[in-house]
Amino acid sequence: MKATDVALAIVDTYPGALCVSSLGTATSALRAASDDGPHFYLGAAMGSALAAALGVAEAVPDRLVIALLGDGELLMGAGTLWSVSAYRPGNLITVVLSDGVYGITGGQQISGQTRFAAVAEALGGIAGARVRSEEALRAALRDLGRPSLIEAELSERAWPGPSPFVDPARVRLAFAANAAGDIR
Amino acid sequence: MASRDLSESPAPQPAPLAWQVVIADTLTARGVTVAAYVPDTRLQPILSRLADNGVCLRSLTREEECVGYAAGQRIAGQRPVVLMQSSGLGNALNAIGSLAVPYHLGLPLVVSMRGTLGEANPSQVPLGRAASSLLGTLGIQSFSVRSAAAAEQVTTGVTTLAFEAGECAAAILEPELGGGREGN
């Protein structure tokens, strides 16, 4: 399973969802899978993507929100897992691209084990799953209670393609229209 | 380690000062829907008043997370406010500079000052002294509140810059306002 396969499973399963992607691989994969759809692509601000997704989820509670995060990204902003556990938005799914390395900086190893799904479960109020296949990923996307955290173990590291250097003005306008219901 | 007695009743809250009421009521009148914050003694009466006014409160783990959360709220069409102590501004800079500013997500910031006039804790001084300069270097204007009379004008002006001009702007709660800084 590659990063783009994970992003494709997300947009196939929930084409109307509002997605938020962290810098680097996650943003490139979501752009590739959604044909540059009207999502909230972060170009930097490492560690803030889950917080941004939580903000979106609480701002538009009638829409499904999916955060697509790198594992190094979530490690940097892991405190937000405690906030998700505290406030428990029923419309938020978090998917982590778990390959154990910092991708955009050249593939340096992450220290230690991330175990985000187990941490999420331990915190309470978040359904956690670690998946190793597209079938298991799609089942978890469909079936887990929410909020959920799915750690998608990547078996192959491949750069998805599109640039992660997005135009913030264009992203803001397209996403704002999507969140307002002007694009479905 | 002794466990905390959760049955204990919370400490009585001090009555809010006039400037704290004015700031909360002005934020409410300007359509603020949610307040993301990290706790601070002088901010607490503002937050209590906001809650009384029906504004949703989100106590988060770190100031950077507050900015990320507010960015998500803002891009989804809501009107958030971020409240923090000046010592937390250092924690928030990456999310401000790499997300709120480039995406033009105008966020109003309310910063309770430490480290300036009358500070007794040397560890608070460097960031307090630098707070307005740090914001200014990122292109964010900050405006001092030193009296109850100035609180409405500054709060209105900061929210106008944020919500109408799309520019982050900060209301700086100076020590002259009083309100019980820690250790004072």
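In the predicted model, 29 residues of chain A are in contact with 24 residues of chain B, contact meaning that the C-beta atoms of two residues, placed from the backbone, lie within 7 Å. Two or more residues each are given to this side of chain A by α3 (49-59), α5 (79-87) and α8 (168-179), helices being DSSP runs of H or I with at least four residues and strands runs of E with at least two, numbered from the N terminus. The largest share, eight residues, comes from α3(A). By class, the side of chain A that touches chain B has 20 nonpolar, seven polar and two charged residues; Ala, Val, Leu, Ile, Met, Phe, Trp, Tyr, Cys and Pro count as nonpolar, Asp, Glu, Lys and Arg as charged, and the others, Gly among them, as polar.

This is a predicted model, in which local features need pLDDT of at least 70 and side-chain atom pairs count only at pLDDT 80 or more, while totals for chains, interfaces and linings use all residues. Residues are numbered from 1 along each chain as its sequence is written, and chains are lettered from A and ligands numbered from 1 in the order in which they are written.

In chain B, B:V81 lies in strand β3 (residues 80-85). B:V81 is buried, with 30 other C-beta atoms within 10 Å (buried: 20 or more; exposed: 12 or fewer; partly exposed: in between; C-beta atoms placed from the backbone). Apart from neighbours within four places in sequence, B:V81 is in contact with B:L27, B:V32, B:A35, B:P108 and B:V110. B:V81 and B:G136 are 55 residues apart in sequence and 19 Å apart in space, C-alpha to C-alpha.
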